[in-house]
Amino acid sequence: MQILDGRALAKTIRAELAEEVQQLKAAGKRAPHLAAVLVGEDPASQVYVRNKVRSCEKVGFESSLVRLPADTSEEEVLKVVHNLNEDDAVDGFIVQLPLPGHINEVRVTLAIDPRKDVDGFHPVNFGRMAQSMPCYLPATPAGILEMIRRYELPTEGKEVVVLGRSSIVGTPMSILLSRKGYPGNATVTLCHSRTRDLAEHTRRADILVAAIGIPEFVKPDMVKEGVVIIDVGINRVEAPELEKGYRLCGDVDYEAVAEKASWITPVPGGVGQLTVVSLLMNTLRAAKGEVY
Ligand SMILES: NC(=O)C1=CN([C@@H]2O[C@H](COP(=O)(O)OP(=O)(O)OC[C@H]3O[C@@H](n4cnc5c(N)ncnc54)[C@H](OP(=O)(O)O)[C@@H]3O)[C@@H](O)[C@H]2O)C=CC1
Ligand SMILES: Nc1nc(=O)c2c([nH]1)NC[C@@H]1CN(c3ccc(C(=O)N[C@@H](CCC(=O)O)C(=O)O)cc3)C=[N+]21
């Protein structure tokens, strides 16, 4: 078993980004600026926001965070989005999902200017992605592709099984790996909570992408020998022995499944690391006007 080391890869990519920032500055331009809007206190979102701010500092990006209480009205959130759309000092921004129940995520997503949608969630970017047109790819799937590319993992003709059909991870991942070219040309099965005989599908997988949000859901009897495991899950589970009282774990039972896998991503230190650098890569492209 070999580890897909997200932490090391992210470090390499951050060094490349820092270099590009220097070049922009040498050319008299300002640093790329990424903003994030966080409403309420979703734990996975908090991890993400913290790492996003840190990573921006490391590569020399400007970053800003708009933190709003969980009871903020939809109107207020839309106002913040409009301001960021209009703010020439901001190249790209994201609105952290999930939003509190009383806020309509569709309305908020549609309000984001596609040119600043570095999350790639707006249907304009999603549609462009599905048709292999220039776009911002959603950060998590983009990070997974980057990992596959840099580790030179083959995808052509492979059986890929994706667990979870969210519009931010599972669904775009399934589209991207079935697109023409590399990393793509795979045969993809997309599974979800209504899938019958899930293990029948997962046992066929050459590459298994798990994005369902259930701690350690994937067990060794659900995979075949030699499988490549991409674990997207970021779950908090209680750990009374630790000072903070919890630990992060993925959607895969890491210790047990690793014994059968050829490659596996750890949590933390895997996909999450690449998600953050992908967001920075998208922001750099926004700053350079490369997409629109
Ligand atoms: N590492 C990273 O960078 C990121 C990590 N995450 C993490 O990834 C996980 C998934 O998040 P997200 O993509 O937003 O997914 P959602 O929570 O939005 O959706 C979960 C998906 O899993 C499916 N599902 C739930 N239970 C089962 C089951 N028992 N069997 C099969 N499928 C099931 C659901 O099916 P149905 O549609 O039928 O309800 C749904 O499609 C979370 O832990 C999240 O924190 C998310 C984004 C980035
Ligand atoms: N609009 C929006 N876009 C998202 O992409 C989005 C979102 N909302 N809401 C929440 C989820 C979750 N998510 C994470 C990304 C990286 C880490 C991450 O950095 N993980 C580190 C954690 C390291 C640690 O601090 O312990 C790791 O896995 O190594 C975590 C979680 C993005 N999401």
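**Exercise 1. Find the order of the strands in the open sheet and how they pair.**

Solution. Six strands make up an open sheet, ordered E1-E11-E8-E7-E5-E6, with parallel pairing. Strand E1 (2-3) and strand E6 (187-191) are the edge strands, each pairing on one side only. Here strands pair if DSSP finds at least two bridges between them. Helices (H or I, at least four residues) and strands (E, at least two) are DSSP runs, numbered from the N terminus. Next, look at E8 and strand E11 (residues 263-264): two bridges join them, and they run parallel. Isoleucine 229 has isoleucine 264 in E11 as its bridge partner.

The model is predicted: local features need pLDDT of at least 70, side-chain atom pairs count only at pLDDT 80 or more, and totals for chains, interfaces and linings use all residues. Residues are numbered from 1 along each chain as its sequence is written, while chains are lettered from A and ligands numbered from 1 in the order in which they are written.

**Exercise 2. Describe the shell around ligand 1.**

Solution. A residue is near a molecule if its C-beta atom, placed from the backbone, lies within 6 Å of it. There are 26 residues around ligand 1, and Gly164, Ser166, Ser193, Gly213 and Thr275 come nearest. Then ask which element gives the most: helix H10 (residues 271-287), with three residues. Last, sort by class. The shell has 12 nonpolar, 12 polar and two charged residues. Ala, Val, Leu, Ile, Met, Phe, Trp, Tyr, Cys and Pro count as nonpolar, Asp, Glu, Lys and Arg as charged, and the others, Gly among them, as polar.

**Exercise 3. Locate Gly164 and Ile234, two of the residues under the UniProt annotation "binding site".**

Solution. The annotation comes from an unreviewed UniProt entry. Such annotations may be inferred rather than shown by experiment; positions follow the numbering used here, and feature names are shortened. Glycine 164 sits in the loop between strand E5 (159-163) and helix H7 (170-178). Isoleucine 234 sits in the loop between strand E8 (228-231) and strand E9 (235-238).

Next, count neighbours. A residue is buried if 20 or more other C-beta atoms lie within 10 Å of its own, exposed if 12 or fewer, and partly exposed in between, with C-beta atoms placed from the backbone. Glycine 164 has 23, so it is buried. Isoleucine 234 is buried because it has 23 too.

**Exercise 4. Find where the cis peptide bond from tyrosine 182 to proline 183 lies, and treat glutamate 152 and its positive phi likewise.**

Solution. The bond from tyrosine 182 to proline 183 has omega near -5°. Proline 183 is in the loop between H7 and E6. Glutamate 152 has a phi of about 50°, although it is not a glycine. Its loop runs between H6 and E5. Glutamate 152 is exposed because 8 other C-beta atoms lie within 10 Å.
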